[in-house]
Amino acid sequence: MGLSISLLFLITLLFSDLNLIESATTEYTTLIYKGCAKQQFSDPSGLYSQALSAMFGSLVTQSTKTRFYKTTTGTSQTTITGLFQCRGDLTNHDCYNCVSRLPVLSDKLCGKTIASRVQLSGCYLLYEVAGFSQISGMEMLFKTCGKNNIAGTGFEERRDTAFGVMQNGVVSGHGFYATTYESVYVLGQCEGDVGDSDCSSCVKNALEKAQVECGTAISGQIYLHKCFIAYSYYPNGVPRRSSSSSSSSSSSGGGSSSSDPSSTGATGKTVAIIVGGAAGVGFLVICLLFAKNLMKKKHDDY
């Protein structure tokens, strides 16, 4: 009886930790926003659907190798252009895990529209049929600002200085940069095929919008068509961060970076160690209990 109770406790502990690992490693797949064209495919022959499926397959495959990829599929009558981009601090493995969710989400959220954009916290996917009306790279697609506000603590000065550091860094980082300045964490990224000069202009525009739209909010995210920025202020100091183990590549817009302190890469590693330790301790306890019961049985036999 005692052995059964101990086993049940250990199994519960292990599965609880495993659930924590899963939640810790999937934070980059949180849905941020979606943009769906109003017009649906006119596709009696199924050619558009075939081209779209082929494009999705190509994007997911490439996400194992790079953090940005753009392609065109279909015939002259059914041309579809699509791309994906992962956040510059994700590993190839995490990038694939993020991007592989996007085709299903796009179909679920938008259906068979002539254009779709789905943004997760760690990646996004965009596609459009030939002839779809283009928008400015500076157009704001989505914003979110923290509910809490900071005033009278020098926050705005620190935030604006951090913004300046990030704007310079995203150029030297060729499209991606993240850093911390006096308790303010900032991150900026441009679409992978945007040049350094245009990237700087786009990020500057996004930062100015953050100042106006979010004011003294403790955090904010601004998504323009060709770039996005995010910031968070931690009054008690930025939590310990874990750097991505992946190497940067020019195609992914990678550069100098430090991972978002709210990311859970370090937590996942810590929990993995806990699970391993719990499993080891559990095995030892089971062996001891088994030996104890065996000795008791022998004693009863005599």
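A salt bridge is a side-chain nitrogen of Lys or Arg within 4 Å of a carboxyl oxygen of Asp or Glu. The views below show a predicted model, in which local features need pLDDT of at least 70 and side-chain atom pairs count only at pLDDT 80 or more, while totals for chains, interfaces and linings use all residues. Residues are numbered from 1 along each chain as its sequence is written, and side-chain values use heavy atoms, with hydrogens and water left out.

**Figure 1. The salt bridge of Asp107 and Lys112.**
Asp107 and Lys112 meet through their side chains, with 2.7 Å from N to O. How accessible are the two residues? Asp107 counts as partly exposed, at 40% relative accessibility, and Lys112 also counts as partly exposed, at 33%. These words rest on relative accessible area: buried means under 20%, exposed means over 50%, and partly exposed lies in between, with a 1.4 Å probe and protein chains only. In total, the structure holds six salt bridges.

**Figure 2. The salt bridge of Lys70 and Asp193.**
The closest N and O atoms of Lys70 and Asp193 are 3.4 Å apart. The pair links distant parts of the chain, 123 residues apart: Lys70 belongs to strand S2 (residues 68-73), and Asp193 to the loop between S8 and H6. Helices (H or I, at least four residues) and strands (E, at least two) are DSSP runs, numbered from the N terminus. Lys70 is partly exposed, its relative accessible area being 40%. Asp193 is likewise partly exposed, at 39% relative accessibility.

**Figure 3. The salt bridge of Lys226 and Glu191.**
Between Lys226 and Glu191, the closest N and O atoms are 2.8 Å apart.

**Figure 4. The disulfide of Cys202 and Cys227.**
A disulfide is a covalent bond between the sulfur atoms of two cysteines. Here it is taken as a pair of cysteine sulfur atoms within 2.5 Å. Cys202 and Cys227 form such a link, with 2.2 Å from S to S. The link is left-handed, with -90° about the S-S bond. It connects distant parts of the chain: Cys202 lies in helix H6 (residues 196-214) and Cys227 in strand S10 (residues 227-233), 25 residues apart. Cys202 is buried, with a relative accessible area of 3%, and Cys227 is buried as well, with 4%.

**Figure 5. The disulfides Cys86-Cys95 and Cys190-Cys199.**
The sulfur atoms of Cys86 and Cys95 are 2.0 Å apart. What is the handedness of the disulfide of Cys86 and Cys95? The torsion about its S-S bond is about 85°, so this disulfide is right-handed. Cys86 and Cys95 are both buried. In the disulfide of Cys190 and Cys199, the sulfur atoms are 2.1 Å apart. This link is right-handed, with 90° about the S-S bond, and both of its cysteines are buried. A search of the whole structure finds six disulfides. With bonded cysteines counted along the chain, their pattern is 1-5, 2-3, 4-6, 7-11, 8-9, 10-12.

**Figure 6. The buried face of helix H3.**
Helix H3 spans residues 92-99, and its residues Cys95, Cys98 and Val99 are buried. Seen down the axis of H3, the buried residues fall within an arc of 90°, so they line one face of the helix. The arc is that of the directions from the helix axis to the C-beta atoms. An α-helix has 3.6 residues a turn, so residues three or four places apart point the same way. The elements covering the buried residues of H3 include helix H2 (47-62), strand S3 (80-86), helix H4 (102-110), strand S4 (115-120) and strand S5 (123-129). Such contact means heavy atoms within 4.5 Å.

**Figure 7. The open sheet of five strands.**
The strands stand in the order S6-S9-S10-S8-S7, with antiparallel pairing. The edge strands, each pairing on one side only, are strand S6 (140-145) and strand S7 (176-181). Two strands pair if DSSP finds at least two bridges between them. S7 and strand S8 (residues 184-190) run antiparallel and are joined by six bridges. Thr180 has Tyr185 in S8 as its bridge partner.
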